[in-house]
2 protein chains.
Amino acid sequence: MNLTKYFQKSELIPAIIQEAQTGEVLMLAYMNEQSLSKTLESGYTWFWSRSRSELWNKGATSGNTQEVVEIYADCDYDTLLIKVKQKGAACHTGEKNCFFNKLGESNE
Amino acid sequence: MNLTKYFQKSELIPAIIQEAQTGEVLMLAYMNEQSLSKTLESGYTWFWSRSRSELWNKGATSGNTQEVVEIYADCDYDTLLIKVKQKGAACHTGEKNCFFNKLGESNE
């Protein structure tokens, strides 16, 4: 599969990770062409870590892997939506998903 | 509300737009501090258009507005998840959501 069209605007494409069964949005991470290629080959998510500048196989350390169910690109090919089977917590904090800071609450 | 912590890494933060009632992921767009501020003030989504370099009130032209239900920031404050009531189609193509290009199908 030719993946170059997903990387026309940038070397990194944001990938929204959604739990296939529940529709819960778990996290957002970035893929370069190599990580998208490894995701498609392996059936598990691989990302590019911007802070560590390295490929990152989600769950390789924690065991909290993401098995790919379906991948969609958006209308202009600059965002991915990846539906997954999440094992354990998606967030490194131990929360199920990363979106737990509600705006407008007293601590925000 | 002090919004600077959402713009530490970049002047733009990606905002995942999810339909509150169904959990359907509709689109991803970018906000700068001013558009997030206008979103919070008005209760409707405002974005920053990277291609047109201008603030953009979603649905102002098409009528397909997004009423904000809840906004969450992720664990490291570099992504937003905005749950909305979507009026009409979210995608400029007329599709309900922007994620209709399935990877691995013959045309991709």
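**View 1. How chain B lies on chain A in this predicted model.** Turn chain B by 180°, shift it 0.0 Å along the axis, and it can be laid on chain A with an RMSD of 0.0 Å (a least-squares superposition on the C-alpha atoms of residues with pLDDT of at least 70 in both copies). The two copies are thus related as by a two-fold rotation axis.

**View 2. Where the two chains touch.** Each side of the contact (heavy atoms within 4.5 Å) has its share: 37 residues come from chain B and 37 residues from chain A. Of the interface residues of chain B, 100% are also interface residues in chain A, so the copies meet through the same surface. About 3,000 Å² is buried between the chains, with carbon and sulfur atoms giving 65% of that area (buried area is the accessible area, with a 1.4 Å probe, that two parts lose on being put together, summed over both).

**View 3. Salt bridges and polar contacts between the chains.** There are four salt bridges between chain B and chain A (a side-chain nitrogen of Lys or Arg within 4 Å of a carboxyl oxygen of Asp or Glu). One of them joins the side chains of Glu70(A) and Lys102(B), at 3.2 Å from N to O. β5(B) gives the most to the side of chain B that touches chain A: four residues (strands are DSSP runs of E, at least two residues, numbered from the N terminus).

**View 4. Strand β6 of chain B and its neighbours.** Strand β6(B) covers residues 80-86 and is mostly covered itself, as five of its seven residues are buried (under 20% relative accessible area, 1.4 Å probe, protein chains only). With β1(B), residues 13-19, β6(B) pairs in the parallel sense over five bridges (strands pair if DSSP finds at least two bridges between them). Here Gln18(B) stands opposite Lys83(B). With β5(B), residues 66-73, the pairing is antiparallel and runs over seven bridges; Gln66(B) has Gln86(B) as its bridge partner.

**View 5. The hairpin of β5(B) and β6(B).** Six residues sit between these two strands, and Tyr77(B) takes a positive phi near 60°.

**Notes.** Residues are numbered from 1 along each chain as its sequence is written, and chains are lettered from A, ligands numbered from 1, in the order in which they are written. As the model is predicted, local features need pLDDT of at least 70, side-chain atom pairs count only at pLDDT 80 or more, and totals for chains, interfaces and linings use all residues, while side-chain values use heavy atoms, leaving out hydrogens and water.

Note on methods
Buried means under 20% relative accessible area, exposed over 50%, partly exposed in between (1.4 Å probe, protein chains only). A polar contact is a pair of N or O atoms within 3.5 Å; within protein, one must be able to donate a hydrogen and the other to accept it, and residues adjacent in sequence count only if both atoms are side-chain atoms.
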